[in-house]
Amino acid sequence: MMIYLRMVKSLVKITNKFLELTDNKILQTAGSISHELAIAKANEEYDKFKVNPK
């Protein structure tokens, strides 16, 4: 279990460094959007993609 936790912490550090290098913002909290709003947004974007696939 300890090895797994160290691996996860290491992955978080690597991911954060990558995001900083690519000038992306790093989310510091869990966010504030509700599950229902997230699903609605995902469905809306999916519907747009279905109409105009890239």
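Buried residues (under 20% relative accessible area, 1.4 Å probe, protein chains only) make up 0% of the 54 residues in this protein. The model is predicted: local features need pLDDT of at least 70, side-chain atom pairs count only at pLDDT 80 or more, and totals for chains, interfaces and linings use all residues. Residues are numbered from 1 along each chain as its sequence is written, and side-chain values use heavy atoms, without hydrogens and water.

Now the overall form. The protein has 2 helices and 0 strands; these are DSSP runs (H or I, at least four residues; E, at least two), numbered from the N terminus. Its radius of gyration, taken over C-alpha atoms, is 17 Å. A compact globule of 54 residues would come near 10 Å, by the rule of 2.2 Å times the number of residues to the power 0.38. The C-alpha trace spans about 45 × 25 × 20 Å along its principal axes.

Next, the surface. The protein exposes about 5600 Å², with 64% supplied by carbon and sulfur atoms. These areas come from the Shrake-Rupley method with a 1.4 Å probe. Met1, Met2, Tyr4, Leu5, Val8 and Val12 make a nonpolar patch of about 640 Å². Val12 belongs to helix 1, residues 2-21. Val12 counts as partly exposed because its relative accessibility is 43%.

Asn52 sits in the segment after helix 2 (35-51). Asn52 is exposed (over 50%), at 58%. Asn52 and Phe18 lie 34 residues apart in sequence and 31 Å apart in space, C-alpha to C-alpha.

Technical notes: Patch = residues over 30% accessible without salt bridge, like charges linked within 9 Å, V, L, I, M, F, W, Y side chains within 5 Å. Salt bridge = Lys/Arg side-chain N within 4 Å of Asp/Glu carboxyl O.
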